[in-house]
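Colleague: I have the model open and would like to go through some of its local geometry with you. Could you take me through it piece by piece?

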Amino acid sequence: MTTASGRADGAETTGPRLVAAAENAALEQAIDEFKRAVLAKLTLAVGKDAAAASDRDWFVATTLALRDRVIHRWLDAERQTLARGRKHVYYLSLEFLIGRLLNDVAGNLKMTDVVSRALGDLGVNFERVRHSEPDAALGNGGLGRLAACFLESMSSLGIPAYGYGIRYDHGLFRQIVKDGWQQEYPEEWLSFRNPWEFERPEVTYDIGYGGWVETVSGRGGHTRFVWHPQETIEAVAYDTPIVGWKGNHVNPLRLWSARAVDPLRLDVFNRGEHVAALTEQARAEALSKILYPSDETPAGRELRLRQEYFFVSASLQDLVQRHRNAYGTLDTLPERAAIQLNDTHPSIAVAELMRILVDLHNIPWDGAWKITVDTCRYTNHTLLPEALESWPVTLFERVLPRHLQIIYLINARHLEAAARQHPLDAEELAAISLIDEQEARCVKMGHLAFLGSRRVNGVSSMHSALVRTVLFRELDAFYPGRIVNVTNGISFRRWLYQANPGLTRLLCETCGVDIRDDPEAIGRFTAAAGDSGLHDRLRHVKRTNRVALGRVIRDRLGLSVDPDAMFDVQIKRIHEYKRQLLNLLETVALYNAIRAEPLRNWVPRVKIFGGKAAASYAAAKLIIKLAHDIAEVVNHDPAVRDLLKIAFLPNYNVSLAETIVPAADLSEQISTAGMEASGTGNMKLALNGSLTIGTLDGANIEIRDSVGNDNIFIFGLLADEVEERRRTGTGPIVMPPKLAEVLDMIDRGVFSPGEPERFAPLTETLRRTDRYMIAADFDSYWQAQRRVDELWSAPEAWAACCIRNIAGMGFFSADRAVAEYVSTVWNAGS
């Protein structure tokens, strides 16, 4: 039977069935092909039979099979970039916290289902294989994770880029907590090698240190300076492909490993001094051993400077050589390259690029300076003085003598130019000079990065304003318009689509599958804020994620937690300004309140902490100990039952965050106002439906503007109020009664029986100075937490707020942030 149009009945359904059948056939073919590829790698590259292979063996084989599907795309992207003469972005960062890559690469290639089913057909569990991959120990916190998100976004947006960093053998450290005390052990992420990377033994550069500078007179009275380093170390390149969304573009992360030019002194070895013969190799390899070696000693400070120069020099030599090979002249470097300094660590790049241009390529100073400024950009990530870096002139003179000469000349010309604009008094000169002339003369590296960069940006609207009006106020007056804002962003692909598949499915069903390509489309979720059926589904997703995190807590800590309790989360590096101490003190106050009124209808809470303290940061390590001592008392007190539990998860890293973030209900973003540049953890948690309790600091302000005042819990002093208190002093510290009771308990040894003075350095500092406004903000914080309790007790209202938070996060995509860098900072359009 046919219709009036002549089509057979059922034709409208036959077409889709044929399409579906064809898609299924293609999928089965892809699975079979991938199975064969994995088995081939297992046999030929790993050297194992399937029956004897471990999860780690399957991980390596799977990785190599996926890598084969990446390499052609990578090489093709490089060919197209060169053929079209497109501008490269060179992203220099001391940290790249890329985490595990297997799920990331499979997801971006849209092969997750293929990989999982192929391994399943081979009798291998994909989740076990995925978890056998170690986290790449290449960073510490938000700075490194931001760099990783940006690299992935640059690949996803098709922007030609290189990430440049250091291939740390042991990362920052592996955090072990013993008897509540943090202990540091080396990470062993490279113990079985890294199957994602390509070693490039042919890509090496000599890095010099020390020595002396020779002045050479040339023709026409021209003077040249020749640096004769006393020590030379080789930088060797290792490349890891960073795959963009749908695999359309691939960029490399090039990491440098250090080795001695002569790894073994045979003459010394043959004299029987076997250990001494390896001294040069050990000294060289120290540069790429660990991230952030302690700078408590002169040797540690020198190693930090040597480390920063090591990766900067290798990276600049590499990109300059690439540009010359492609274009023949360095005059066009600013048109074809944008060098992004991710925070102050790589700021020696300004002096090093000048050295390369002037000393090695004979470009006159003025022309070299124009090339340098037009090529470099600088992102400031912090207002903290210790993170801005200043190096003693004596250290600089010993380690990098030619660079100190260059910095002196940059400074002299800068001060002369400033004086021509208007006369400067001594205070104004000191404020804008690159040299701090105080008791110990130091080079101000933040100032160097500012002067040598066409654009300087902060990472949230508030932070950029403070960079302009506080940090570089005097320099901004001489170089107006140089400072811009680009608010940070996160990779939705990593932190939502891969980390939280349950929420992703719910969003796709509600908002449309195009949210995977357009993060702003997540805003459609707002329309469902009043849908009670959707509330139930969202609560189910959240509870499932809390159950998964509860298993991790039980397995790692031996602590059982209630998956129906509120999961209250603070996960970030331990620092006084981030105020984990405020959180802990309020937790004890809540503990006291529960004990005082055990029959009250309290909201059950699980307080979850994670983060590392710098190895030499005594106060931060003491805060970790306090957290564990409080947990020991609270978790074993039958009076509080399951109403309050405390869990400190050790060795916080990207993989652990991928379990915590989807399960969190409350996001603690409680830094002292004016001290957090942006934060990205706040974005990840809000995107996954966690409500924020926080100060008006960093990106919290923009999150509030995006989600609305009624969907966030704001408390505490404002940044200008904090500054005013510090400037004028507040007289005796006024302790709120609840806080005074908590401090008294700590001082009496309630949480440290037998050693009541254990936490005196924390409590005495708080009573004496309250630098981080813990006493000043305590009551406001307590009241905000009670508002949290009130909303949690109204499940429908809480769910609606969660939906509005998720829907308001579209702006905070790393894709948006990178697109802003392209247009306002790098000028790197197609």
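Modeller: Gladly, and please keep in mind that this is a predicted model. A place to begin is R641, which sits in the loop between α24 (618–634) and β19 (644–649).

Colleague: What is the phi of R641 like?

Modeller: Phi of R641 is near 50 degrees, which is a positive value in a residue other than glycine.

Colleague: Which loop holds K110, and what about its phi?

Modeller: K110 is in the loop between α3 (102–108) and α4 (112–121), and although K110 is not a glycine, its phi is positive at about 60 degrees. With a relative accessibility of 57%, K110 counts as exposed.

Colleague: Switching to strands, how do β3 and β4 pair?

Modeller: Strand β3 (residues 174–178) and strand β4 (residues 181–185) run antiparallel and are joined by five bridges, one of which pairs I176 with Q183 in β4. The two strands form a hairpin with two residues between them, and D179 in that turn has a positive phi of about 55 degrees.

Colleague: What is the strand order in the three-stranded sheet?

Modeller: The order is β12-β14-β13 in an open sheet, and the pairing is antiparallel. Because β12 (390–392) and β13 (435–436) stand at the edges with a single partner strand each, one side of each is left without a neighbour in the sheet.

Colleague: How many bridges hold β13 and β14 together?

Modeller: Two bridges link β13 with strand β14 (residues 442–444) in the antiparallel sense, and D436 stands opposite C442 in β14.

Colleague: On to helices: at what angle do α23 and α31 cross?

Modeller: The axes of helix α23 (residues 580–596) and helix α31 (residues 774–792) cross at roughly 55 degrees and come within 10 Å. The two helices are therefore oblique to each other, and α23 passes α31 in a right-handed crossing.

Colleague: Which residues meet there, and how do they divide by class?

Modeller: From α23, the residues in contact are L581, L582, N583, L585, E586, A589, L590 and A593, and they meet I774, F778, Y781, W782, Q785 and R786 in α31. By class, the contact of α23 with α31 has 10 nonpolar, two polar and two charged residues.

Terms used: Residues are numbered from 1 along each chain as its sequence is written. This is a predicted model: local features need pLDDT of at least 70, side-chain atom pairs count only at pLDDT 80 or more; totals for chains, interfaces and linings use all residues. Side-chain values use heavy atoms; hydrogens and water are left out. Axes are lines fitted to C-alpha atoms, for helices over the stretch in contact, and angles run from 0 to 180 degrees between N-to-C directions. Helices (H or I, at least four residues) and strands (E, at least two) are DSSP runs, numbered from the N terminus. Angles under 35 degrees count as roughly parallel, over 145 as roughly antiparallel, 65 to 115 as roughly perpendicular and the rest as oblique. A crossing is left-handed if the near helix is turned anticlockwise from the far one by less than a right angle, and right-handed if clockwise. Contact means heavy atoms within 4.5 Å. Ala, Val, Leu, Ile, Met, Phe, Trp, Tyr, Cys and Pro count as nonpolar, Asp, Glu, Lys and Arg as charged, and the others, Gly among them, as polar. Buried means under 20% relative accessible area, exposed over 50%, partly exposed in between (1.4 Å probe, protein chains only). Two strands pair if DSSP finds at least two bridges between them.
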